[in-house]
Amino acid sequence: MDRKELEAKVLELVAASYKKEVGDLSMETSFKEDLAGASVQMVALVAEVENELDATLMLADASACATIKEFVDLVEEEL
């Protein structure tokens, strides 16, 4: 899976976990400011990434990501 495919897949998973439209998200989308998500949504996102992409993520590392780009970078490291 190349970077663009990974970005598209992660955007899809973020949209599902945070109940947003994929078109409303970008790599610069902030988890705190733009998505205002609860920690339970990050837990769901990490679980989905692990299931869909077969990557193991530490919840603390995922929660430390400020933007979707940072989250994609983290996922890419774990693949």
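Predicted model: local features only at pLDDT ≥ 70, side-chain atom pairs only at ≥ 80, totals over all residues.
View 1. Look for D54 in the loop that runs between helix 3 (39-53) and helix 4 (59-63). Now check the backbone: D54 isn't a glycine, yet its phi is positive, at about 55°. Why point that out? Because most residues other than glycine have a negative phi.

**View 2. K19, in the loop between helix 1 and helix 2.** Helix 1 covers 3-18 and helix 2 covers 31-35, and K19 sits in the loop between them. Is K19 buried or exposed? Its relative accessibility is 72%, so K19 counts as exposed. K19 also has a positive phi of about 55°, and it's not a glycine either.

**View 3. Y18 and F31, a tilted pair of rings.** There are two aromatic pairs to find in this model. In this one, the ring centres of Y18 and F31 are 5.8 Å apart and the planes meet at 45°, so the pair is tilted. Y18 belongs to helix 1 and F31 to helix 2, so the pair ties together parts that are 13 residues apart in sequence. Y18 and F31 are both buried.

**View 4. F31 and F71, an edge-to-face pair.** Here the rings of F31 and F71 are 6.0 Å centre to centre, with 75° between their planes. F31 lies in helix 2 and F71 in helix 5 (residues 68-78), so this pair ties together parts that are 40 residues apart in sequence. Both F31 and F71 are buried.

How values were computed. Residues numbered from 1 in each chain as written. Heavy atoms only, no water. Helix = DSSP H or I, 4+ residues; strand = E, 2+ residues; numbered from the N terminus. Buried < 20%, exposed > 50% of the residue type's maximum accessible area, 1.4 Å probe, protein only. Phe/Tyr/Trp six-rings, centres within 6.5 Å; stacked < 30°, edge-to-face > 60°.
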